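Reader: I am new to this structure. Please show it, and then tell me what the terms rest on.

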Amino acid sequence: MPFLNKSREKLAFLTALTLLFSYIEMILPRFLPFFRLGLANVVILLSLELDFTAFILLAVLKSVSSSLMGGTLFSPFFLISFFQSILSALAMRTAYKLFSKKIISLYGLSVLGAAVSALVQIFLSSIYLGQGTFALLGPMLIFNVVSGLFVAFVAQSQKVTDYIEKMYDVGGRTLAESENESENKKQMLQKKPLQIIFLFFLIGFSASLFFIKSIAVLSVAFVAGFILQKICGRKIFILPHISLWIFIFIAAIFLPNGQVLFKIWRISITRGAMLLALRKALTLSAVSALSQCAVCVKPSQKSIFALILQYYGLMSDSFRKSFAHKSALL
């Protein structure tokens, strides 16, 4: 495509495409709330021919951009997302270069990436949540293998590749037309010092919560995070917090600690484990809520993140219009 002659624009487009697939995944019904399909990996599979530097940069931008959009940039979730994104992408890229397509297909590459992602996620989660997290490794590996097969199926769909080609054309024309109007967008930079101060406040406040053990104080911070999120104009999503709490409490019950409260089959539910899980759940939920407030901080118009958001805005608007049109016909 003529307008993608610059690698910066190509990477911005591909990164925005990963955000679009993540958005589509969000609106799909999720039967297992803490397990994700990983539809954004469709773009990674379709980008294996990129040179190594561009490919790794795409994986980095995918992780950072999704954390910016999802509001998890200042939380441990970002580190988990970052490392699982990079390592799974590296695994797929290495296998793709070492073996011919006759030995390992796109389905095999996708399953490999999904398996590495599960291993990294569980390992890094266990550092903070404890060894009980490994009890979820089996179910997560099974789920990720199935989701990896589905992601490869989507990546090979002709409709998907046609849609991407269409977005290439639409994105190029629209961004070219909007270049003359860029002067009207400089208002976002007028209060940059205040944005930087607010950003440092979020980072400092979020980091301090990991050193607090009082459940009462953490509860106040948790509520404050939601209030601040509302002030910033960010829509509050409860389901991710519920999923997080379920994940943490399931991991906690496999590490008995202190007085036994009751038993579920052969598993002892202990007071110490539940209090520890509650403290960790409050901490992570509060940090997540505070991270959501970063939506108030807008990237510089000259940065690649601004270009990514422009592409994503065009794609998401097009998708919503198409989805609304098809729903109306039904």
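Author: Start with the elements: helices (H or I, at least four residues) and strands (E, at least two) are DSSP runs, numbered from the N terminus. Ala-224, for one, is found in helix H9, residues 215-231. The model is predicted, so local features need pLDDT of at least 70 and side-chain atom pairs count only at pLDDT 80 or more, while totals for chains, interfaces and linings use all residues. Residues are numbered from 1 along each chain as its sequence is written, and side-chain values use heavy atoms, leaving out hydrogens and water.

Reader: What makes up the secondary structure of the chain?

Author: There are 12 helices and two strands. From the N terminus the order is α-α-α-α-α-α-α-α-α-α-β-β-α-α.

Reader: Why is Ala-224 called partly exposed?

Author: Its relative accessibility is 30%. Buried means under 20% relative accessible area, exposed means over 50%, and partly exposed lies in between (1.4 Å probe, protein chains only). Ala-224 therefore counts as partly exposed. Its C-alpha is 8.3 Å from that of Leu-290, 66 residues apart in sequence.

Reader: What share of the chain counts as buried?

Author: 44% of the 330 residues. The chain exposes about 18000 Å², an area from the Shrake-Rupley method with a 1.4 Å probe, where for residues only the protein chains shown count as cover.

Reader: Why is H4 called roughly antiparallel to H5?

Author: Helix H4 (residues 76-98) and helix H5 (residues 106-129) pack at about 150°, with axes 8 Å apart. Roughly antiparallel needs an angle over 145 degrees; under 35 is roughly parallel, 65 to 115 roughly perpendicular, and the rest oblique. So H4 is roughly antiparallel to H5. The axes are lines fitted to C-alpha atoms, for helices over the stretch in contact, and angles run from 0 to 180 degrees between N-to-C directions.

Reader: Which way do H4 and H5 cross?

Author: The crossing of H4 and H5 is right-handed.

Reader: Which residues of H4 and H5 meet?

Author: Contact means heavy atoms within 4.5 Å. On the H4 side they include Phe-83, Gln-84 and Leu-87, and on the H5 side Val-116 and Val-120 are among them. The residues of this contact divide into 13 nonpolar, seven polar and no charged. Nonpolar means Ala, Val, Leu, Ile, Met, Phe, Trp, Tyr, Cys and Pro; charged means Asp, Glu, Lys and Arg; the others, Gly among them, are polar.

Reader: How do you know that Val-120 is buried?

Author: Val-120 has 11% relative accessibility, so it counts as buried. Beyond its neighbours within four places in sequence, Val-120 is in contact with Phe-83, Gln-84 and Leu-87.

Reader: Where do the axes of H5 and H6 come, and how do they cross?

Author: The axes of H5 and helix H6 (residues 137-155) come within 8 Å and cross at roughly 145°. This crossing is right-handed. Ile-122 in H5 is among the residues that meet H6. The contact of H5 with H6 has 17 nonpolar, five polar and no charged residues.

Reader: Is Ile-122 buried or exposed, and what makes it so?

Author: Ile-122 has a relative accessible area of 0%, so it is buried. Leaving aside neighbours within four places in sequence, Ile-122 is in contact with Thr-133, Phe-134, Leu-136, Leu-137, Met-140 and Phe-247.

Definitions and conventions. Left-handed = near helix turned anticlockwise from the far one by under 90°.
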